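These are my notebook entries on a structure that I had not looked at before. I wrote down each thing I looked up, in the order in which I looked.

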Amino acid sequence: MTLAVGRRVVVPRFEESPLDALEGMTIEAQPAPDPKTLAAHDVIIAVKSASVGWVDLLMSSGQYQHMPQPPYCPGLEYAGVVAYTGPEATGILVGDSVLVDGFLAGPRSLGAYQSYGGFASWAVAPCEAVRRVPGELTLDQACNLLGNYETAYHCLITRGRLQPKETVLIHGASGSTGLAAVHVAKLAGATVIATGRNDDKLAIVKSQGADHVINTKTSSNPKGWAHDCKALTGGAGVDVIYDGVGGDISIESLRCVKFGARFLIVGWAATPFVAKGKGERGAPNANTLPTNLIMMKGLDVLGCPTVISTVMNPASRAPRLDAVWAWAEQGKIVPYISHAYPLEDYRVAMRAKWNNEVIGGCVLHP
């Protein structure tokens with residue numbers, strides 16, 4: 001078989017920041033994978049949709065917890081059409097619409113398939129990483145499924161022990177994992193209070209299922225937006241906080257919680273430079289929380305690193321993967337996509353993600 005020469009984005013080296021790294025990225029010709037060089041269980045995918053995620057940005061400057069060896073092709077999660085299956089690849093056929101499991105293939109994986117990112121015409125993955133698109137999802141939606149919804153499930157359900165009729169405060173709710181958290185929390189039977197800094201975005205978050213929304217930038221309450229939040233609970237406070245933002249908003253959150261609430265640390269989008277750039281790591285700008293409020297409110301502060309937790313305990317993944325997949329098959333979760341671009345506009349797409357212009361998912365079309 002003969003496959004056409006394609007294109008791929010390349011990160012040649014780690015830079016000081018994601019925006020610096022973006023300037024150094026290039027598009028180069030990509031020879032199609034040669035089946036003769038592949039393992040018997042390998043699959044070639046013609047990539048049609050690739051998610052543009054926050055991790056793709058942090059990884060390019062070496063500020064993410066996992067660093068593939070440059071040069072590499074970004075694009076943690078992608079979907080497309082099967083172009084070739086090895087003689088021992090089972091469960092899928094040429095022509096199937098599929099998504100690729102970013103834990104098992106791509107830049108965030110830990111094995112032999114790191115070099116095949118989704119910002120490319122072609123990718124190779126082992127058959128166990130390739131799954132038919134569930135339910136009625138489009139390829140754009142499919143490439144925004146696993147990472148976002150598994151993160152939301154791990155944080156809210158596994159770590160946060162969210163129960164029906166509890167109230168959860170979700171920060172950064174218009175982001176990809178934040179909006180997924182809104183969906184998962186509603187499926188769990190919780191009341192959702194979502195925050196953001198843009199009324200138009202918050203209107204979409206509400207249309208996606210949030211019970212209440214709060215603009216933390218424009219609140220007119222002289223005591224701060226946290227008092228608006230507490231008022232929505234009748235003064236009782238929230239049971240769970242899902243915090244993917246970090247910084248000042250985390251501290252203010254401690255003023256609207258019940259005694260014994262669970263505080264879930266999911267990320268720090270507001271303070272992306274907690275680690276040094278160029279892959280030097282460390283945490284010279286680490287976020288802090290006030291221990292006096294943590295103590296007096298009897299809080300459980302829970303770190304929720306989904307990928308690290310899965311690496312440490314691989315068996316923990318099966319229940320959440322089964323739940324997310326079943327919801328997708330049943331049409332109960334449908335990722336929201338606000339932006340899509342052709343591959344040559346990868347810089348525009350990544351800047352849109354960095355500048356918080358995106359609501360839910362952002363996609364490249366190789």
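Where does Arg 161 lie? I found Arg 161 in the loop between α4 and β8, and I kept in mind from the start that I was reading a predicted model.

**Entry on the backbone.** I looked up Arg 161 for its phi, which is positive at about 55° although this residue is not a glycine. I noted for comparison that most residues other than glycine have a negative phi, and that most peptide bonds are trans. I then turned to the peptide bond from Pro 70 to Pro 71, which is cis, with omega near -5°. Pro 71 has its place in the loop between α2 (54–60) and β4 (78–85).

**Entry on the open sheet.** I traced an open sheet of six strands, paired in parallel, and wrote down its order as β10-β9-β8-β11-β12-β13. At the edges stand β10 (212–215) and β13 (300–303), each with a single partner strand, so one side of each is left without a neighbour in the sheet. From one strand to the next, I read an average twist of 20°.

Leu 264 has Leu 302 in β13 as its bridge partner.

Helix α6 (residues 199–207) lies across β9 (191–196) and β10, and it runs at about 165° to β10.

**Entry on another strand pair.** I looked at strand β14 (residues 337–342) and strand β15 (residues 361–365), which pair in the parallel sense over five bridges. Within this pairing, His 339 stands opposite Cys 362 in β15. With helix α12 (residues 346–354), β14 and β15 make a right-handed β-α-β unit.

**Entry on the cavity.** How many cavities of 30 Å³ or more does the structure hold? I found one, and the volume of the largest cavity is about 60 Å³. Its lining includes Asn 144, Asn 148, Tyr 149, Ser 176, His 183, Pro 335 and Gly 361. The elements that give two or more residues to this lining are α4 and α5 (176–187), and α5 gives the most, with four residues. By class, I counted five nonpolar and six polar residues in the lining of the largest cavity, and no charged ones.

**Entry on a pocket.** I finished with the second largest pocket, in which about 200 Å³ of space lies. Which element gives the most to its lining? I identified helix α10 (residues 306–312), with four residues. Among the residues that line the second largest pocket are Tyr 64, His 66, Phe 103, Arg 108, Val 307, Ile 308 and Arg 317. This lining divides into seven nonpolar, three polar and two charged residues.

Technical notes: Residues are numbered from 1 along each chain as its sequence is written. This is a predicted model: local features need pLDDT of at least 70, side-chain atom pairs count only at pLDDT 80 or more; totals for chains, interfaces and linings use all residues. Side-chain values use heavy atoms; hydrogens and water are left out. On a 1 Å grid over the protein atoms alone, a cavity is a set of points where a 1.4 Å probe fits but cannot get out, and a pocket is an open set with protein on both sides within 12 Å along at least five of seven lines; lining residues have an atom within 4 Å of a point. Grid points are joined across faces, edges and corners, and a volume is the space filled by probe spheres set on the points. Ala, Val, Leu, Ile, Met, Phe, Trp, Tyr, Cys and Pro count as nonpolar, Asp, Glu, Lys and Arg as charged, and the others, Gly among them, as polar. Two strands pair if DSSP finds at least two bridges between them. A crossover is right-handed if, with the strands pointing away from the viewer, the path from the first strand over the helix to the second runs clockwise. Axes are lines fitted to C-alpha atoms, for helices over the stretch in contact, and angles run from 0 to 180 degrees between N-to-C directions. Contact means heavy atoms within 4.5 Å.
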